[in-house]
Amino acid sequence: MTPDEYCQQKAAKSGSSFYYSFLFLPAERRRAITALYAFCREVDDIADEVQDVGVARTKLAWWRTEVANLFAGRPQHPVTRALAPFTAAYGLDAARLNEIIDGMEMDLVHHRYADFDALKLYCHRVAGVVGQLSASIFGYANPSTIEYAENLGIAFQLTNIIRDVGEDARRDRVYLPVDELARFGLTVEDILARRPGEAFEKVMAFQAGRAQSYYEAAFAKLAPEDRPTQRAGLIMAAIYRTLLEEIRADRFQVLEQRVALTPLRKLWIAWKTWVTT
């Protein structure tokens, strides 16, 4: 298996909405974004699947060393070998790749967030930075497009948090700010016990409103001249916003189920967005 094949398999296996946006990209940019996505999956899987915190830290430290190897010209892992041809061409840098790892390390120790400022830092690291790197791969001319990508990445992460409330609770993780839960008369224990009700629906509607505001802030920053090159990001946005609306229409029944769009629907949204952007 070649490094590119390894990354392609990693991306396809995940079933992520991101995969569908890659399909319409030119071949070289598709290879680059698939390798970046595979990097994110590798480090995210450590945070999610390795139970021993010490082992997880060791594995993430190995990835920091491998990022250094990548920019020293001696990558060892299939993912970094796949990324190597694109670091200079698309402005990928070690600092932002390491910042993604910083976000994954937060998952090892931070299972609660006191307020949105704390949560926003996490969202920036695990998603906003990925948005910036993705925008660089897609190509842009106006610096405001990087702000668009940052806001869009945070919007995606907030959507993921809404979708995964029940699944995260089963892992003893709560990504809803504690002060906002209190404002609606809820506690962390209510979320961990997966107690539905009017208060839960209200707090989730508040979270959905915030996610929507980040989508709107993103689109306001996307320069018109960069819309054609950023179509892959707009495909992701169309899929994620559709998912968010499905969850909202279902009155946030996310404690015991995980709402998802079918692959065919994702493909349809991707094609429709590509041809109309």
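**Close-up views of a predicted model**

**View 1. A nonpolar surface patch includes Trp 271.** Trp 271 belongs to helix H14 (residues 263-276), helices being DSSP runs (H or I, at least four residues) numbered from the N terminus. With a relative accessible area of 43%, Trp 271 is partly exposed; buried means under 20%, exposed over 50%, and partly exposed in between (1.4 Å probe, protein chains only). This is a predicted model, in which local features need pLDDT of at least 70 and side-chain atom pairs count only at pLDDT 80 or more, while totals for chains, interfaces and linings use all residues. Residues are numbered from 1 along each chain as its sequence is written, and side-chain values use heavy atoms, with hydrogens and water left out.

**View 2. Leu 158 lies in the largest nonpolar core.** This core (buried Ala, Val, Leu, Ile, Met, Phe, Trp, Tyr and Cys residues joined through side-chain atoms within 4.5 Å) has 95 residues, and those with the most contacts inside it are Phe 39, Ile 100, Leu 119, Leu 158, Phe 200 and Met 204. Helix H7 (residues 116-138) gives the most to this core, with 12 residues. Leaving aside residues up to four places away in sequence, Leu 158 touches Phe 116, Leu 119, Cys 123, Arg 210, Ala 211 and Tyr 214 (contact: heavy atoms within 4.5 Å).

**View 3. Cysteines Cys 40 and Cys 123 are buried.** The model has zero disulfides (pairs of cysteine sulfur atoms within 2.5 Å). For Cys 40, the nearest cysteine sulfur is that of Cys 7, 11 Å away. The sulfur of Cys 123 is 14 Å from the closest cysteine sulfur, in Cys 40, and is therefore too far for a bond. Relative accessibility is 11% for Cys 40 and 0% for Cys 123.

**View 4. Arg 194 and Phe 252 have positive phi values.** Most residues other than glycine have a negative phi. Arg 194, with a phi of about 55 degrees, occupies the loop between helix H11 (188-192) and helix H12 (198-221). Phe 252, with a phi of about 60 degrees, lies in the loop between helix H13 (231-249) and H14. Arg 194 is partly exposed at 23%, whereas Phe 252 is buried at 4% relative accessibility.

Methods. Patch = residues over 30% accessible without salt bridge, like charges linked within 9 Å, V, L, I, M, F, W, Y side chains within 5 Å. Areas by Shrake-Rupley, 256 points an atom, 1.4 Å probe, with all protein chains shown as cover. Salt bridge = Lys/Arg side-chain N within 4 Å of Asp/Glu carboxyl O. Helix = DSSP H or I, 4+ residues; strand = E, 2+ residues; numbered from the N terminus.
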